[in-house]
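Let's take a friendly walk through a protein model together.

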Amino acid sequence: MQNPYLPYPVRIDEIVTETVDKNLKTFRFVFLNPEDEQKFSYRAGQFAELSVAGKGEIPIGIASSPTEKGFVMFTVNKVGLVSSYLHTMKAGDIMGIRGPLGNWYPWDVLKGKNVVIIGGGFAFTTLRSSIVYMLDPANRKNFKDIHVIYGARSPGMLLYRDELSAWEQRDDINMHITVDATDDPNWKYNVGFVPTITEQKAPPGDADTYAIVCGPPIMIKFTQPVLDKLNYGHDHIIMSLEMRMKCGIGICGRCNIGKEFVCKDGPVFTLAQLNGMPREY
Amino acid sequence: MKVVKINKQKWTEGIEALKNMYRLYGPVKEDRFHNFTLLEKGVSPDFNFQNTRLSPKGVIYPQTEVMFHYTLDESREDHHVMKEAAGEAAPRAIVGIRPCDAAAFLLVKRNFDTPEYQDPYWVRAYEGTTLVGLACQQPCQTCFCTTAGCGPFHEEGLDVLLVQETDAFLAKALTAKGENLLKAAGWGEAGDGGTIEKMKQDAETRIRTAVHTDRLAEKTIPDLFDAPFWDDVAFSCINCGTCTYVCPTCWCFDIQDEVSGKAGLRLRNWDSCMYPLFTFHGSGHNPRNAKTKRVRQRFMHKLKYYVDKYHNGIQCVGCGRCIRLCPVNIDIRRVCELMNTYAASR
Amino acid sequence: MLEYIDSIRKIAEKILKEGTVEMVIGFRRGTVPLMNEPCVVKKPEDVKHLVWDSSCGVNLANYLPDRKEKIGIVAKGCDSRNIVTHIIENKIKREQLYIIGIPCKGMIDRRKITGMLEVEIESAVETAEGITVKGGGVEKTFRKADVLQDNCAICIHRNPVLSDEPAAGPVVEQQGVDRYEDVRRIEGMATEEKFRFFDDLLAECIRCYACRNACPLCYCPTCFVDESRPQWVGKGQDPSDIRTFHFLRAYHCAGRCTDCGACERACPMGIKVRLLTKKLEKDALELFNWEAGLSLEVRPPLDTYKPEDPDEFIK
């Protein structure tokens, strides 16, 4: 019987500090056993449990895309016991990852459609995975227009800044990068909250257009009315939830919302599904 | 179904013989209550009880269980790599488990043994255990098994059903595992199972209390979730873990790492949705930050979410332990009635 | 004490009708014999649900910390002392409370009764003389004095120390009570014997925290056993973790515990946890001449420093 609690051992290959306040770091992991990488085959939108021996495990969205081979990448916010310890680790250290866990963004449904990605703060990780996946030459033709609205509090708090500007140069993706406020005179992108920029730049909703929304509760709260105004049906709004998790496989019982487990039946839910679930998140 | 008769002498001899083949567990009186313990040589199970204080779920699913061990010593080649803890290999038998507690394992199995994931610790422990049930002829005042999906002579979930007669036991083998156990104990004398049905009906009339669950499925989750009676239900609750820990159908657990020097363990411990930390996010946000929300979660899970998820009745076998042991007398029968009869006003 | 119920209901109805309070915390009839459930009454017509008898051992002061409403509360002697402690510790304000004082004659320990009967209790009726229980074809009457909770048997503060309106006239306080006979017995044990005694005492603990949660003093937003940075106590069944939890909790109650017995009453495993808290109560009495919760005016000894505080331990 395979033990779903047993992590694949990995080595930290590279650590990049993403934000100026140093609270977000991107970790690149390489599997110690090459065959584990096959077993870990994942889809954009899934997460994994990062396991630090002696400290515990944390559920983190996978930031790398399945099209990127040889490593898996996660961006971790320093909030608690395990993440703080993880932030002190170095390249070469050994830890574990369990997964891939959860469901993924509904790529089958999104085929042939316009995709509008709306992200805020450090919830952007699985959205990066999605963008890299869609922009891959093998996949790009499967999607129509791609819009990305991504905002953070200030320029220094944006994730993946080099990639953001590279994407901005491309003509097969529409980038709308924004910050809440900045005193940088050379800032060439938008200034304004994500809901505001969404209202200005997002295409109107229709049968062929889907929105993937991922961000802090406050951003989601104010973006939703905007999407309603733009006529996005609730089954065309895709969201990714967070919840306290331990096992990640729908067994320990703690991450449920109603009868769904966020770790197994989610974390991706459409707004239509969420409307039928208790408001307990 | 083979039925055997076991007289007193054969019973005692058989119990000792079983200890050679199985790690044998049975109810033993400690102080004023019975609990399931490993039976040492010469110790017989004491059937002079209605039910044990703690459910036997702890025999298959210990309160604290080591999942992995690892070393943090970087001079070792396998440092920081998790190693699965070797389980106990010897087969186990529980003698004297009540049918409600055995039915509870089947309910819980749906959680630990799913098509996508199997919990190897629970599944191996459960499959390696033979359950010899003791039919209930004197149910408690607080038992409501017959309306909770099982009953005092319920056979599903058991490998053998024992029925106590005046001077002997009748044992009905229900599965291959059960037959093997009867053979190992040397209990082969044919018995007349004709009286069992009458005794079963007798016992069922002694069940004095009931819950009604017929209208739980037809209500919507949001309607029940937003019902106005939760504040009243939850006021007296002190959010301890008593109900969840004594309940045979509660299964939630926590995973913890503990380190001593350079040696480490990853353990799992029983956990309870009653505790505030259960859903506490690293960010500080807690979706169930108020006592009422946590109490509501427990009853919604047991009497609604489980019903909707598995279409096989409520997540309760009517053993009554939570009713007897809740320090403030919150009664699941009362809550079930409130939920079953609730009509959302539109 | 059964006769108190009429005046409790009358007072509760009055203070709700007059708007003196928004809610009254009391007891309603339980669903099993010898148990009552704490409840809230908000409408004057609902006071008929309130009950009072000798199965009202739960300490209602446990429901007070951090509430913002105006609250009427039924309080026995020990409960009232916990209310005093809550006010001193800023968990509730005096102005919020209307205390219906109960001069208490002691609560029944239902486990003592089940221990004396071989059968399950099917019904229990309390009269002025005692408790008559029926079960398994057997009927037996117990004298209340024989089945009191351990803490009630040695109680010396049966009358509420703080109250807005008593539900009855005061009862006579017990005199010449030796409160610490069992503590002295343990103090007299040799170290090895004492260690084994505590091991046995705590062997049944299932870390449900009923004792902690039933205790009015335990109101920390995050209990020390739940801290993770750093983690002080393991969460499993390791005996050293179980001991740490119980010993430290007793220490956190030192100088504050009123021996209301809620902890022992709540424990599903029947562990006599009062043996730990009573030791600290005895120490507070002997070192500082202190009994918790008797006066709103005096700050507790662990709160204050006086030059004459004993300091033998740091010589």
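We begin with some ground rules, then visit a sheet, an interface and a pair of charged side chains.

This is a predicted model, in which local features need pLDDT of at least 70 and side-chain atom pairs count only at pLDDT 80 or more, while totals for chains, interfaces and linings use all residues. Residues are numbered from 1 along each chain as its sequence is written, chains are lettered from A and ligands numbered from 1 in the order in which they are written, and side-chain values use heavy atoms, with hydrogens and water left out.

Start with chain A. Its open sheet has six strands in the order E4-E3-E6-E1-E2-E5, with antiparallel pairing. Here a strand is a DSSP run (E) of at least two residues, numbered from the N terminus, and two strands pair if DSSP finds at least two bridges between them. In general, strands of a sheet pair through backbone hydrogen bonds, either parallel or antiparallel. Which strands form the edges? They are E4 (56-61) and E5 (72-77) of chain A, each pairing on one side only. From one strand to the next, the twist averages 40°, an angle between N-to-C directions that runs from 0 to 180 degrees, with axes as lines fitted to C-alpha atoms.

Now zoom in on one pairing. Strands E1 (residues 8-17) and E6 (residues 94-101) of chain A run antiparallel and are joined by four bridges. Look for A:Tyr8, whose bridge partner in E6(A) is A:Ile97.

Next, see how chain A meets chain B. In this interface, 41 residues of chain A are in contact with 50 residues of chain B, where contact means heavy atoms within 4.5 Å. The two chains bury about 3800 Å² between them, with 60% of it on carbon and sulfur atoms; buried area is the accessible area (1.4 Å probe) that two parts lose on being put together, summed over both.

How many salt bridges cross the interface of chain A and chain B? The rule finds six, a salt bridge being a side-chain nitrogen of Lys or Arg within 4 Å of a carboxyl oxygen of Asp or Glu. A:Lys246 forms a salt bridge with B:Asp254, and their closest N and O atoms are 3.1 Å apart.

Finally, turn to chain C. Over all chains, the structure holds 61 salt bridges. C:Asp53 and C:Arg29 meet through their side chains in a salt bridge (3.0 Å, N to O). This pair links distant parts of the chain, 24 residues apart: C:Asp53 lies in the loop between strand E3 (50-51) and strand E4 (71-75) of chain C, and C:Arg29 in strand E1 (residues 23-29) of chain C.
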